[in-house]
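Dear colleague,

I am handing over a structure to you with this email, and I would be glad if you could look through it slowly. My notes on what was found follow below.

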Amino acid sequence: MEGETAQAQGLYEAEVTVGSQGESERNAAFGRALAQVLGKVSGDRAAASRPGVSQELRRAAQYVAGYDYRQDEGVSGSGAPTFQTTLVVRFHREAVDGIAAALGLPVWPEPRPKPVLWLAIDDGSGPRLVGLNHNNVARPVLQRALQRGYRLGLPRGSAAEQAAVGAIWRGDAAAIARLSAQYQPPMQLIGKLQRAGSGWRADWTFVDNGRVLSQWTSEEADARQAMSAGADGAADALVKRYARVAPVGAPGDYRVVFAGIGSSDDFIRLSSTLQGMAVVRRIAPVRATADALEYELELVTGLPGFRRLLDDDVLVEVEGLVDTGTPVFRMVR
């Protein structure tokens with residue numbers, strides 16, 4: 001609608017900065033956007049480096065449901081206006097879920113919890129709680145949580161909550177969990193941020209239903225980066241506890257028969273299909289008959305992953321006349 005600003009809203013949408021609205025720039029940005037989405041869906045910050053994923057990123061345009069551009073205006077250090085073009089991309093949910101399942105990426109199910117962020121900051125004038133009315137202060141950690149596929153909430157900042165700064169500072173997670181009982185879910189990300197030499201240090205504790213799941217420390221030159229590490233640590237703890245990997249089989253070498261190969265065009269079509277599948281790492285011919293080819297395929301995630309990424313418009317699995325244990329796929333004409 002007129003007046004609306006395009007922005008990424010859910011797990012299957014992403015924003016990337018582009019230099020222009022040209023097609024080549026847009027197609028490259030689609031890959032970066034899909035990497036973001038796979039990271040959010042799986043909760044794995046290294047999702048883009050998983051085996052087979054880079055091949056799917058190169059085909060990201062095939063999975064795009066729609067896109068828009070947004071012009072963001074800012075101000076440079078000299079006071080001059082600046083303009084930045086942002087591409088907002090929406091992907092087909094079924095396609096992204098299929099990639100994750102086929103390549104063995106964990107899937108962090110929805111709905112996702114919204115832990116309460118109890119953050120105390122001491123910039124040299126004593127520790128203070130960051131409440132809802134000071135949400136801009138916590139924006140780096142709140143934004144990083146969104147990039148990891150979940151949201152963080154802030155306490156309202158009542159007098160009793162402000163007085164809890166001491167408990168945060170001495171690491172009394174149980175006291176904060178009791179104070180946070182009025183909020184749902186019963187999860188807390190507790191952090192204390194303070195100056196450390198010329199930089200900043202943040203100590204973090206993530207609590208789920210009264211149980212400490214993880215503790216870590218981030219030291220950075222920039223306070224915003226130290227804060228962002230809190231969202232990363234909480235996401236890692238949540239993924240470890242709640243994400244699940246679909247059964248895809250073990251990586252290795254598998255014999256597969258492809259039937260209905262009656263011409264050189266069929267052979268080229270089959271080769272192109274196999275080479276385009278992210279789960280296929282290597283193709284080695286084993287045997288040829290009048291209308292079939294037997295290959296040994298090195299698969300990233302086994303036959304279940306291969307079947308999930310199979311294009312039914314090209315190949316369909318059929319039952320062999322003799323049960324040899326080797327799956328047979330017939331070319332669709």
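This is a predicted model: local features need pLDDT of at least 70, side-chain atom pairs count only at pLDDT 80 or more; totals for chains, interfaces and linings use all residues.

Residues are numbered from 1 along each chain as its sequence is written, and side-chain values use heavy atoms, with hydrogens and water left out.

Helices (H or I, at least four residues) and strands (E, at least two) are DSSP runs, numbered from the N terminus. Two packed helices are described by the angle between their axes and the distance between the axes. The axes here are lines fitted to C-alpha atoms, for helices over the stretch in contact, and the angles run from 0 to 180 degrees between N-to-C directions.

The pair α4 and α8

The axes of α4 (139–147) and helix α8 (residues 223–242) come within 7 Å and cross at roughly 40 degrees. That makes α4 oblique to α8, since angles under 35 degrees count as roughly parallel, over 145 as roughly antiparallel, 65 to 115 as roughly perpendicular and the rest as oblique. The crossing of α4 past α8 is right-handed. On the α4 side, Pro140, Val141, Arg144 and Ala145 take part, and they meet Arg224, Met227, Ser228, Gly230, Ala231 and Asp232 in α8. Sorted by class, this contact has 5 nonpolar, 2 polar and 3 charged residues, where Ala, Val, Leu, Ile, Met, Phe, Trp, Tyr, Cys and Pro count as nonpolar, Asp, Glu, Lys and Arg as charged, and the others, Gly among them, as polar.

Arginine 148 lies in the loop between α4 and α5 (159–162), and at 3% relative accessibility it counts as buried; buried means under 20% relative accessible area, exposed over 50%, and partly exposed in between, with a 1.4 Å probe and protein chains only. Its side chain is joined to that of aspartate 232 by a polar contact of 2.8 Å, a polar contact being a pair of N or O atoms within 3.5 Å; within protein, one must be able to donate a hydrogen and the other to accept it, and residues adjacent in sequence count only if both atoms are side-chain atoms. Leaving aside neighbours within four places in sequence, arginine 148 is in contact (heavy atoms within 4.5 Å) with residues including Trp108, Arg112, Asp232 and Asp236.

Leucine 154 is found in the loop between α4 and α5 as well, and it is buried, with a relative accessible area of 12%.

The pair α1 and α3

Helix α1 (residues 23–42) and helix α3 (residues 93–102) pack at an angle of about 70 degrees, with their axes 11 Å apart, which makes α1 roughly perpendicular to α3. Their crossing is right-handed. Leu34, Val37, Leu38 and Val41 of α1 make the contact with Val96, Asp97 and Ile99 of α3, and by class it has 6 nonpolar, no polar and 1 charged residues. Within α3, Val96, Ile99, Ala100, Ala101 and Ala102 are buried, and what covers them includes α1, α2 (53–58) and β3 (81–91).

How values were computed: A crossing is left-handed if the near helix is turned anticlockwise from the far one by less than a right angle, and right-handed if clockwise.
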